[in-house]
Amino acid sequence: MASEQTGRSILKIDSLCKSYRKGVLVNDHVSLSLNRGEIFGLLGPNGAGKTTLVSQIIGIAKPDSGRIEINSIDTVADPGYAREVCSFQAQTQVPISGLSARQAIELVGAVRGGDSRAVRGRADELLRHLEMEDWARKQADVFSGGMRRLVAFCMAAVVPGRVVILDEPTNDIDPLRRRLLWQEVRNLVNMGSTVLLVTHNILEAERAVDRLAIMDRGRVVAAGTPGSLKGNGGENMRFEVTLEPRAELPATPGFLRGMVVTGRRVIGRLEESDIPEAVQWARGLKETGVAEEYSVGPITLDDVYLRLVGREDAVEDNVKGRTR
Amino acid sequence: MKRLLRSYMLMLKWQALSNKPILPLNLVVQLMIAAGFIIGIGFFYPQITPSTAKYLTTGAPTISLLMVGLVLVPQVVALSRTQGTYDYIWSLPVSRMVYVAADATVWILVSLPGVILSVILGAVYYDFGLHITPLVIPAVLLIAVAGVFVGYAIAHGAPKPQMAQLATQVIVFGIMIFSPIMYPIDQLPGWLAAVHRVLPVKYMADLSRGTLTDLNVDLGLAFAVVGGWCLLGFVATFLLISRRH
């Protein structure tokens, strides 16, 4: 085994391609680099190729071409190394029927080579931090989907790998424990791990991640910090108008760009200097009974995401169609 | 080696705990099937003689062990494949064959009490003598392990998990009706007898008969053929579970 590198990047993916049987390219020249000690978000709609990418990192699937390196070691050639240094929370449910939460967590801790006393202590800590003590001795068969997922998270976090891969960790989890879970994810970084977080939940990702990549149709369509992705030249504000029911969309002024219509909501980007004019336009719509309300604020990652995953063209066509 | 053993013990614990809720029930079912089989053959053959009973009873261990290896194991694997269990298990830093070995151990241990019961009950119920040799231990273990590995190979080799489940139904039928376990191979049509001279089933029955009774059996050939199939099942299982999608 090659000696470990101490460079900035811990996980490097270079021009990775993966197709399944019918020739559909699920990952299309994906390149990513995760820095040590960061939380890196991987966002994208269903079918974007996120889980396929993760399967290749962990060595369950094999790329058609391209490279994956962890600590500068080629893990396509040596998937065993990937399993040693990565701990993984799968999107599918973990096989813990018949086990108590504590047994499941401690077993994985032991399997990952943890010392039994240290594993027990860490399991205690996780169960306490995630307010799961009452469930520690109960059999997983009676757990809700959310509770099973929390146990799965603990299994990935009990003896964390140098890279911890979490595939949709907050699905089905109640809001209170979600907050606690995010603290534990940050805690993993404080313990020296790097976290690759796969999620649909843009709002949560925006708060949790240091950097992120957005995938769509197998390709990385954007990567950077949440701030850098939101900065789109001068148009870093969002303007939203809610139309009255059955009102027709009026012609939109030129300073509103990237119009997206979802139901009665019309959202566009604009420059800060255009806000007064936009407010005046929206007031006019309200007075003439076209708009119910409007709002203005900084662009969110949600807006960036919607724009990037290729839905905007269709929506803009829709806008044109409805514009008088 | 020490690490492999540690992984094996941990996965064995995992499998035992996972199956804990159904293990006692499974054990009871195995015992009931074994006892039912022994008593049931008396209904098939009301005038059964001790020597016929000896022949039939000593085929029972092979049937019990094959039911576990070729039916239960593929069904459990098919269910695990459907549930995505392997997406998680294969991500752990444990050799995949170690996991399979731990899983197989649990199922073999569950099947053994039924095997022992069927032989003892048969001997007492039909009043025949047994001539047990020490070779019975490797013989029974070899039948069990060969069955389980062939079962894993079928279960992991089936393109869809449901196909493996369907295959088990065909296998049950084939073993119970068209295999020379409960009757001599000469009673089969020539072509089917030829097939069974290659398949391991007849030799598995020979192994249990040859080590439990004084019936004349070529044990060396039986060990060789079943051993060969065991190796084939092992290699096929290894190759199939080592695949990356």
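Analyst: Happy to take you through chain A, and then across to chain B. This is a predicted model, in which local features need pLDDT of at least 70, side-chain atom pairs count only at pLDDT 80 or more, and totals for chains, interfaces and linings use all residues. Residues are numbered from 1 along each chain as its sequence is written, chains are lettered from A and ligands numbered from 1 in the order in which they are written, and side-chain values use heavy atoms, with hydrogens and water left out.

To your question: chain A exposes about 14100 Å², and carbon and sulfur atoms supply 47% of that area. Such areas come from the Shrake-Rupley method with a 1.4 Å probe, and for residues only the protein chains shown count as cover.

Turning to the inside, 54% of the 324 residues in chain A are buried. Here buried means under 20% relative accessible area, exposed means over 50%, and partly exposed lies in between (1.4 Å probe, protein chains only). The C-alpha trace of chain A spans about 70 × 45 × 40 Å along its principal axes. Chain A is built from 11 helices and 14 strands; these are DSSP runs numbered from the N terminus, with helices being H or I of at least four residues and strands E of at least two. Of the contacts in chain A between residues at least 6 apart in sequence, 72% join residues at least 24 apart, where a contact means heavy atoms within 4.5 Å.

Next, the charges. Chain A has 43 positive and 43 negative charges, and their mean positions are 4 Å apart. Lys and Arg count as positive and Asp and Glu as negative, while His and the chain ends are not counted. Each charge is placed at NZ of Lys, CZ of Arg, CG of Asp or CD of Glu.

Side chains of opposite charge can pair when their charged atoms come close. Over all chains, the structure holds 18 salt bridges, each being a side-chain nitrogen of Lys or Arg within 4 Å of a carboxyl oxygen of Asp or Glu. One of them pairs Asp74(A) with Arg67(A) at 3.8 Å, N to O. Asp74(A) is partly exposed at 24% relative accessibility, and Arg67(A) is also partly exposed, at 38%.

In another salt bridge, the closest N and O atoms of Arg102(A) and Asp124(A) are 2.4 Å apart. Arg102(A) sits in helix α3 (residues 101-111) and Asp124(A) in helix α4 (residues 116-129) of chain A, so this pair ties together parts that are 22 residues apart in sequence. Salt bridges with shared partners also link Arg238(A), Glu240(A), Arg265(A) and Asp303(A) into one network. As for cover, Asp124(A) is partly exposed at 32% relative accessibility.

The backbone of chain A also deserves a look. Most residues other than glycine have a negative phi. Glu131(A), which is not a glycine, has a positive phi of about 50 degrees. Glu131(A) belongs to the loop between α4 and α5 (145-157) of chain A and is partly exposed, with a relative accessible area of 39%. Arg217(A) has a positive phi near 50 degrees as well; its place is the loop between β9 (211-216) and β10 (219-224) of chain A, and at 54% relative accessibility it counts as exposed.

Finally, how does chain A meet its partner? Glu84(A) forms a salt bridge with Arg3(B), with the closest N and O atoms 2.7 Å apart. Arg3(B) lies in helix α1 (residues 2-19) of chain B and Glu84(A) in helix α2 (residues 79-85) of chain A, so the pair joins two chains. Both ends are partly exposed: Arg3(B) has a relative accessible area of 49%, and Glu84(A) has 33%.

A positive surface patch also draws on both chains, with Arg21(A), Lys22(A), Lys160(B) and Arg243(B) as its members. Patches are made of residues with over 30% relative accessible area and no salt bridge, joining like charges within 9 Å and nonpolar side chains (Val, Leu, Ile, Met, Phe, Trp, Tyr) within 5 Å. On the chain B side, Lys160(B) lies in the loop between α7 (136-157) and α8 (161-178).
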